[in-house]
Amino acid sequence: MTTKTDNQQEQKAVVAPVNLDTFDWNAYENDLGVYNAPKEEIEAKYDQTLSKVQVGEVVEGTVISLNKREVVVNIGYKSEGIIPVSEFRYNPELAVGEKVEVYVESAEDKKGQLVLSHKKARQLRSWDRVNEALEKDEVIKGYIKCRTKGGMIVDVFGIEAFLPGSQIDVKPIRDYDIYVDKTMEFKVVTINQEFRNVVVSHKALIEAELEAQKKEIMSKLEKGQILEGTVKNITSYGVFIDLGGVDGLIHITDLSWGRVNHPEEIVQLDQKLNVVILDFDDAKKRIALGLKQLSAHPWDALDANLKVGDKVKGRVVVMADYGAFVEIAPGVEGLIHVSEMSWSQHLRSAQEFMKVGDEVEAVVLTLDRDERKMSLGLKQLTPDPWADIETKYAVGSRHTAKVRNFTNFGVFVEIEEGIDGLIHISDLSWTKKVKHPSEFTQIGADIEVVVLEIDKDNRRLSLGHKQLEENPWNAFEQQFAVDSIHTGTITELNDKGAVVSLGDNVEGFAPAKQLAKEDGTTAKAGETLEFKVVEFSKATKRIILSHSRLNEEIKRAEVQAERAEKKRSDDATKDSVKKLNASVEKTTLGDISGLAELKAQMEAAAEKPKKAAAKKSAKAEEASAETEE
């Protein structure tokens, strides 16, 4: 390419020396020839020094100057082109004299300036160059423009390529923004020809080198070897350590002899630390590392004088339903089982007694230095309430207890912390038939009890509630004697019969066939009727009642009364007849009128019972008619 200096030298060779004293300035201003050669010849020679450019073609130019805003490029044309420096962002190392490709947009704009574009030149050839880079596995440069979801956008030959976050480096990237506005080397890994998408990778450039480093490191590894590494990544289950090209994992259980809730409590990202190799798999390139193994086990430093029965203080580090783990020294823990937290017998949760972070005092129950296990107790700090149970809760003594739980056979109550007892369902009431304890009381309620029996070995108390009163069935035996009649209300009705309340919490039972009323209907729940006691059992606390039997006896009594009345009437008639006959024998004709009068009286006496029976029958028919209505 002809340079500007060469053009000047050629011009010097053609143009003759000019004497300024004799120079004709008028001829010069009138464009008259002042050179030795004709004007056309001079123009032709000048044109030969210039490049022939065509709009729309890509040519190579030379950077002749640049500043913060513009880059001046000479393509050998009569004027230089000016290109915005932003089109060279991908190449921050651009310098004067560097060759660049440019696209000729216009040979001359309104100002007579050559218009060039480096961006368009790159775009015209970018697709071919990207495909060529993929085929030849070339290393290319790209400018990271910005970050996007899952990675970065990279300018490669003017094409926006995608750089996945996983392909930036071999280690996880925590801050993507530090890569923005940087120029890096990449390899093209994928091209979608249909959608013209390009994926590049920086990680691919260093993987091969790292693989060689891994093989070398793995070949030198030994169990127990201590190496220096850098914390590369922290997860909930452990810490990944960069050992200089190969990664190893410190499981959370190998970070510290003490309890670790999260690895971040022990290490930080980019922290350098020494680790010991616990195990490794050469085939799978897995290395298990340990950190706590570099320090002595805390159990080895545990006080040699510590023994069972001693009191210790510690901090609750883990809670579970079955108990709490208490750290009495860094790395030394003991378990307080929930059964050792309280003297109470009913099942409770450990969270009711303490929480993580609490400072507690406990008693050593078991200590196994070989197995490095220890169990602790909390309730042992207070006296055992069962130690003097016979004195404090003697048989026959009365107390107030709190209902804790129900079962089908009774009620579990707590007299005090650690002292539980059972009230059997049969010991709740003398008179009321309790089907379930919930009918009698409720959980959390206070109830008066009497101690019936003590089982100290099994820590059980047998309690009663009905024993607070005298057995009323002794008096009931006289009050509800067989054949006695009482007023009762039907409280419950079923197929077998009815439960009848007789007052004073006394209940009886009337079989279904004994519920027939006088009018033939059956008694219903809520009705109050007269009942007759047909059976009484003090042993089984049972009273059997009957309403229908009471009606039958009333009818039987009425029939018997009618029969007795009729018999009395018949006897009276017979007596009258006898008297009449006796009188007739003594009567004379003069007494005929007196005889007639006596006869009329006898007939009236005979008719009187018949009229009474007819009247009673009429009333019965009238009552029956009213019932039907």
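**Entry 1**

I looked up the bridge partner of Gly 503 in strand 28 and found Val 506. The model is a predicted one, in which I took local features only at pLDDT of at least 70 and side-chain atom pairs only at pLDDT 80 or more, while totals for chains, interfaces and linings use all residues. I number residues from 1 along each chain as its sequence is written, and my side-chain values use heavy atoms, with hydrogens and water left out.

Strand 28 covers residues 506–511 and pairs with strand 27 in the antiparallel sense over six bridges. I call two strands paired if DSSP finds at least two bridges between them. Helices (H or I, at least four residues) and strands (E, at least two) are DSSP runs, numbered from the N terminus. Strands 27 and 28 form a hairpin with two residues between them. In that turn I noted Asp 504, with a positive phi of about 55 degrees.

Ile 490 has Val 500 of strand 27 as its bridge partner. Strands 26 and 27 also form a hairpin, with three residues between them.

How many residues of strand 27 are buried? I find five of the seven, so the strand is largely enclosed by the rest of the structure. Buried means under 20% relative accessible area, exposed over 50%, and partly exposed in between (1.4 Å probe, protein chains only).

**Entry 2: Gly 497**

I then examined Gly 497, which belongs to strand 27 (residues 497–503). Its relative accessibility is 0%, so Gly 497 counts as buried. Leaving out residues up to four places away in sequence, I list its contacts as Glu 492, Phe 509, Ala 510, Pro 511, Ala 512 and Leu 515. Contact here means heavy atoms within 4.5 Å. Phe 509 stands twelve residues from Gly 497 in sequence, and their C-alpha atoms are 7.1 Å apart.

**Entry 3: Asn 131**

I located Asn 131 in helix 4, which spans residues 118–136. Is Asn 131 buried or exposed? Its relative accessible area is 15%, and therefore I record Asn 131 as buried. Beyond its neighbours within four places in sequence, Asn 131 is in contact with Ile 191 and Gln 193.

**Entry 4: positive phi in two loops**

Most residues other than glycine have a negative phi. I therefore noted two aspartates. Asp 181 has a positive phi near 70 degrees. Asp 181 lies in the loop between strand 8 (159–164) and strand 9 (183–192), and at 51% relative accessibility it counts as exposed.

Asp 270 likewise has a positive phi near 70 degrees. I place Asp 270 in the loop between strand 13 (247–251) and strand 14 (272–281). Its relative accessibility is 48%, so Asp 270 counts as partly exposed.

**Entry 5: aromatic rings**

How many aromatic pairs does a search of the whole structure find? It finds three. Rings of Phe, Tyr and Trp (its six-membered ring) pair if their centres lie within 6.5 Å; planes under 30 degrees apart count as stacked, over 60 as edge-to-face and the rest as tilted.

One of the pairs is Tyr 237 with Phe 240, edge-to-face at 6.4 Å centre to centre and with 85 degrees between the planes. Tyr 237 is partly exposed at 41% relative accessible area, and Phe 240 is partly exposed at 25%.

I also looked at Phe 409 and Phe 412: their ring centres are 6.4 Å apart and their planes stand at 80 degrees, so this pair is edge-to-face. Phe 409 is partly exposed at 41%, and Phe 412 is partly exposed at 32%.

I found Lys 182 over the face of Tyr 179, at 5.9 Å from the ring centre. A charge sits over a ring if NZ of Lys or CZ of Arg is within 6 Å of the ring centre and within 35 degrees of the ring normal.

**Entry 6: the chain as a whole**

I count nine helices and 30 strands in the protein chain. Of its 629 residues, 35% are buried. Among contacts with a separation of 6 or more, 59% join residues 24 or more positions apart. The accessible surface comes to about 38900 Å², and carbon and sulfur atoms hold 49% of it. Accessible areas come from the Shrake-Rupley method with a 1.4 Å probe; for residues, only the protein chains shown count as cover.
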